[in-house]
Amino acid sequence: MDPMPALPLFTLPDAATLHAALLRRDAAYEGRAWVGVTTTGIFCRLTCPARKPRPEHCRWFDSPAAAIGAGFRPCRRCHPVGPEVAGNPAVQRLLSLLDEEPARRWTEADVGALGLDPSTIRRAFRRHFGMTFLDLARQARLREGMRGLAAGGAVIAAQLDAGFDSASGFRDAFARLFGHAPAAMTRGQPLLLADWIDTPLGGMIVIADADSLHLLEFTDRKALGLGLRRLSAAVRGRIGLGRTAVTDAAEAQLGRYFAAQPGGFDLPLTLHGTPFLRTVWAELQRIPPGATISYGELAARIGRPAAARAVARANGANRIAIVIPCHRVIGADGTLTGYAGGLWRKQALIGIECELARRAG
């Protein structure tokens, strides 16, 4: 895992508590929790006066940036990105334009043509969203293109849908993820199929064949591209876009998991790693939900008590998040340490599993 500073354990309340707070517009959750509504693609403060969604249509976030990263747009009634942004007409104008044309290819010249200072806009978006406006626009375009390809559209049609003004620009965006252009992904019979799954903690990419799961990662993980390229190389580029029955099962079981419902995971897995890595990953799966152990304890459990550092690296090499629960390993002093998907996610996952354990008695 990427080295990250320790963080005291803190989690959002469970989904039922958050939905109850949403229904009563509880101001105690201001600045702590935001809700994304899957039926509208909008995210709000819990105090928003808009009509309240049903629980199954809610996704919960601990920051506006997390909601934006999952593809949700800020509500125009409650301005969930904060009072400064809500009062910033330039930022609001750009968000509205992006909402209207998610496939538009934006440049700094376009921003300047609106009478806005590009450097000021860059600072404002980085401060509140963790990315620039151009980054946000690029993400929206790539998402539109992926949807076109996954639906079976031609590469050129997906390119146009995504708003790229050159085929090379579109291919390059995918090549950075998979290590090859999208045309190669749709030529011949693919061995593996890739698709996206929405979760309350953000989008995940899932890669599976007809028999097993090969990869499950949060789409904003820094090392995602490296993992995808290695997997693609292992199958000689034969990764296509689409779903298998394993993909559907993974989505259903993740939905059950995030709702803190019992059942666990019983997905068949194909593990791409050395015997040592597979030994660590197998031991991780023996840690029950609601329990956490240290790296040293994990090393001792596999009969390698002096290999805590190697065990930590094995955790970081895990490419099947949640199902192989590397998030259940914490620092020896009880603090949360390095999780490549973000410590905020590690907090949330442990919180979900504490609720699972509570319900199991």
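In strand S2, which residue is the bridge partner of Val35?

Author: Cys44 in S2 is the bridge partner of Val35. The model is predicted, and everything below is read from that prediction.

Strand S1 covers residues 34-37 and strand S2 covers residues 42-45. S1 and S2 pair in the antiparallel sense, over four bridges. Helix H1, residues 15-23, packs on the sheet and touches S1, S2 and S3. The direction of H1 makes about 100° with that of S3.

Now the sheet as a whole. Its four strands come in the order S3-S1-S2-S4. The sheet is open, and the pairing is mixed. Strand S3 (58-61) and strand S4 (73-74) each have a single partner strand, so one side of each is left without a neighbour in the sheet. Strands of a sheet pair through backbone hydrogen bonds, in a parallel or an antiparallel way.

For context, look at the whole chain. The protein chain has 16 helices and 10 strands. Of its 361 residues, 48% count as buried. Take the contacts in the chain with a separation of 6 or more: residues 24 or more positions apart account for 60% of them. The accessible surface comes to about 16,500 Å². Carbon and sulfur atoms hold 54% of that surface.

Four strands, in the order S7-S6-S5-S8, form an open sheet with mixed pairing. Strand S7 (213-218) and strand S8 (239-241) stand at the edges; each has a single partner strand, so one side of each lacks a neighbour in the sheet. From one strand to the next, the twist averages 25°.

Take S5 and S6. Strand S5 spans residues 192-197 and strand S6 spans residues 204-208. They run antiparallel, and five bridges join them. They form a hairpin with six residues between them. Gly202 sits in the turn and has a positive phi of about 115°. Across the pair, Leu193 stands opposite Ala208 in S6. Asp195 has Val206 in S6 as its bridge partner.

Two helices pack on this sheet. Helix H11 (residues 224-234) touches S5, S6, S7 and S8. The direction of H11 makes about 165° with that of S7. Helix H12 (residues 245-258) touches S5, S6 and S7. The direction of H12 makes about 25° with that of S5.

S6 and S7 also pair in the antiparallel sense, over five bridges. S6 and S7 form a hairpin with four residues between them. Here Ile207 has Leu215 in S7 as its bridge partner.

In a regular strand, side chains alternate between the two faces of the sheet. S6 is covered on both faces. Met204, Val206 and Ala208 are buried on one side. Ile205 and Ile207 are buried on the other. In total, five of the five residues of S6 are buried.

Thr247 lies in helix H12. Its relative accessible area is 0%, so Thr247 is buried, the cut-off being under 20%. Leaving aside neighbours within four places in sequence, Thr247 is in contact with Asp195, Ile197, Val206 and Ala208. Asp195 and Val206 are the bridge partners named above.

Last, a helix pair. Helix H13 is residues 275-284 and helix H15 is residues 308-316. Their axes come within 9 Å and cross at roughly 80°. H13 and H15 are therefore roughly perpendicular to each other. From H13, the residues Phe276, Leu277, Val280, Trp281 and Leu284 take part in the contact. They meet Ala310, Val311, Ala314 and Asn315 in H15. Eight residues of this contact are nonpolar, one is polar and none is charged.

Val329 ties in here. Val329 is found in strand S10, residues 329-330. With 0% relative accessibility, Val329 counts as buried. Beyond its neighbours within four places in sequence, Val329 is in contact with residues including Leu284, Ile293, Tyr295, Asn315 and Lys346. Leu284 and Asn315 also belong to the contact of H13 with H15. Val329 and Asn315 are 14 residues apart along the chain, and their C-alpha atoms are separated by 8.5 Å.

Note on methods
Residues numbered from 1 in each chain as written. Predicted model: local features only at pLDDT ≥ 70, side-chain atom pairs only at ≥ 80, totals over all residues. Heavy atoms only, no water. Pairing = 2+ DSSP bridges. Axes fitted to C-alpha atoms, helices over the stretch in contact; angles between N-to-C directions. Contact = heavy atoms within 4.5 Å. Parallel < 35°, antiparallel > 145°, perpendicular 65-115°, else oblique. Nonpolar A, V, L, I, M, F, W, Y, C, P; charged D, E, K, R; others polar. Buried < 20%, exposed > 50% of the residue type's maximum accessible area, 1.4 Å probe, protein only. Areas by Shrake-Rupley, 256 points an atom, 1.4 Å probe, with all protein chains shown as cover.
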